[in-house]
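Okay, thanks everyone, let's get going.

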Amino acid sequence: MAAHLSYGRVNLNVLREAVRRELREFLDKCAGSKAIVWDEYLTGPFGLIAQYSLLKEHEVEKMFTLKGSRLPAADVKNIIFFVRPRLELMDIIAENVLSEDRRGPTRDFHILFVPRRSLLCEQRLKDLGVLGSFIHREEYSLDLIPFDGDLLSMESECAFKECYLEGDQTSLYHAAKGLMTLQALYGTIPQIFGKGECARQVANMMIRMKREFTGSQNSIFPVFDNLLLLDRNVDLLTPLATQLTYEGLIDEIYGIQNSYVKLPPEKFAPKKQGDGAKDLPTEAKKLQLNSAEELYAEIRDKNFNAVGSVLSKKAKIISAAFEERHNAKTVGEIKQFVSQLPHMQAARGSLANHTSIAELIKDVTTSEDFFDKLTVEQEFMSGIDTDKVNNYIEDCIAQKHSLIKVLRLVCLQSVCNSGLKQKVLDYYKREILQTYGYEHILTLHNLEKAGLLKPQTGGRNNYPTIRKTLRLWMDDVNEQNPTDISYVYSGYAPLSVRLAQLLSRPGWRSIEEVLRILPGPHFEERQPLPTGLQKKRQPGENRVTLVFFLGGVTFAEIAALRFLSQLEDGGTEYVIATTKLINGTSWIEALMEKPF
């Protein structure tokens, strides 16, 4: 069992076990020795639910990455392809199968589509003449992957682009299916709230699926009280701003993939080496980041400015604990000390790692450029000078800073001004295209279509009303001992999380005016519970709300929701689900058109 999945009110190990059972059943259908050929994108998500040991127990002897031409030699009976339903991957699979057929002794081929089978893909395999080679063609509905005790993600990398640019609702269907799986395991969710067009679609799909399964009444006592479905485009602002929590900054600077981060190795080299550069490691340091690690669980959601004091306090406690060994006189005391040693050594290793990471982050956050960029962001978010060309952005373009950095800032300005004046917008576009190349015209078009970069229509700026009503900007932020969610951006309270907070109390009726300004419908649905399953809340017992972000969520938003969960008088605990864990860079990247 993964301990970090069961610390919350909702034991997500139950979901992990259900998903693992389905995987085991499929592997056992393919009797005999096996080689798995992986679609590379799936290895990270799969690693969160099944380690290699589980695969080995079911006779998996070899694993390869899906690549063109021939497969590496493997003396196995079964070859199983684990792939997303993508047409371009079918071409590679066909190439692999045909070259294998020519190689000699026949193998059994199988294909497992994740998370859904696709008729188009099967037709492509048929056209390429290999469909008949597959004994098993099945789907593995890995819709929601447990990342932590309060966090689930579909890791659908193109969900936002598909929904808002291409009008493709596949990821919304998978979200609805994932929610049906959750309700099968954790009981019907009695109340559904939502804001946004995609939220409405997902709720409709769920309700329709529920009607189709009326025969099998779910007799599980409900764990969740509410579901809040939120469209990413209801709050385009939050992912564009630089996250200022510890975990958020690690993600901003190094990128966290499937709860792993790769870091520059030189900071982690043992100190006792010779002076020669040859002793320095060249392989990136790979660390897993989740709440199974005590220290990380304590600091991940803090504002980065509050992390240093926690680390130095921990260092004192650990060195005091090691000093205790001098006081151990009797055999019993020595035995006691030795029994605690593994835990103490793990704590010391963990402290050393996080001190190194904090130093790496500090090198970035104390730079002049980081400070200048943050100042501009915070001016925009607090409503200062949003309607004219910004000098800092001009300088960044002139000095050819990273295009994504420039796009994040221009989009942030646009969102904080409900669009830009036409001449300001034209100026930015012209400068960007002249400096970075005209091939980026498609990217600018995508950003416009997604509502991130647009001309101001009707000359009206709604952002000040939204900012004021929802208290999105707080001047007095306590980063060390926060009293409000705005600490995660040192002043800005994520709009999405403010909506969740206000839904809990006093309710959305208090902000009707703002809800009408924000894009998409807002709604409420009730799902009837079978007799005897109505929840009677004990005095002082918190409600459990599942917040589902359609189109991606940032670590700063997750931190803000965790902060609300921990409030003494909050009354609500939050579990977070999303189509993808994102930051501003990965989000904009997904909207960029790759130059041919």
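So, the largest cavity has a volume of about 60 Å³. Keep in mind that this is a predicted model. The search over the whole structure turns up 1 cavity of 30 Å³ or more. What lines the largest cavity, by class? We get 6 nonpolar, 2 polar and 3 charged residues. Among the lining residues are Phe 147, Asp 148, Glu 247, Arg 300 and Phe 555. And where does the cavity lie? It lies between domain 2 (147–237 + 496–588) and domain 3 (246–269 + 282–366), because both of them give residues to its lining.

Okay, on to the rings. The count here is 15 aromatic pairs. Take Trp 38 and Phe 46: the ring centres are 4.9 Å apart and the planes sit at 65°, which is over 60, so we call that pair edge-to-face. Trp 38 and Phe 46 are both buried. They also belong to a cluster, linked through ring pairs, with Phe 82 and Tyr 140.

Another edge-to-face pair is Phe 160 with Trp 587, at 5.2 Å centre to centre and 65° between the planes. This one ties together distant parts of the chain: Phe 160 is in helix H6, Trp 587 is in helix H23, and they're 427 residues apart. Buried or exposed, Phe 160? Its relative accessible area is 5%, so it's buried. Trp 587 comes in at 3%, so that's buried as well.

Arg 200 has its charged end over the ring of Phe 523, 4.1 Å from the centre. Lys 286 lies over the face of Tyr 260, with 4.7 Å to the ring centre.

Definitions and conventions: Residues numbered from 1 in each chain as written. Predicted model: local features only at pLDDT ≥ 70, side-chain atom pairs only at ≥ 80, totals over all residues. Heavy atoms only, no water. 1 Å grid on protein atoms, 1.4 Å probe; cavity = no way out; pocket = protein on both sides within 12 Å on 5 of 7 lines; lining within 4 Å. Points joined across faces, edges and corners; volume = space filled by probe spheres on them. Nonpolar A, V, L, I, M, F, W, Y, C, P; charged D, E, K, R; others polar. Domains from an automatic or database assignment. Phe/Tyr/Trp six-rings, centres within 6.5 Å; stacked < 30°, edge-to-face > 60°. Buried < 20%, exposed > 50% of the residue type's maximum accessible area, 1.4 Å probe, protein only. Helix = DSSP H or I, 4+ residues; strand = E, 2+ residues; numbered from the N terminus. Lys NZ or Arg CZ within 6 Å of the ring centre and 35° of its normal.
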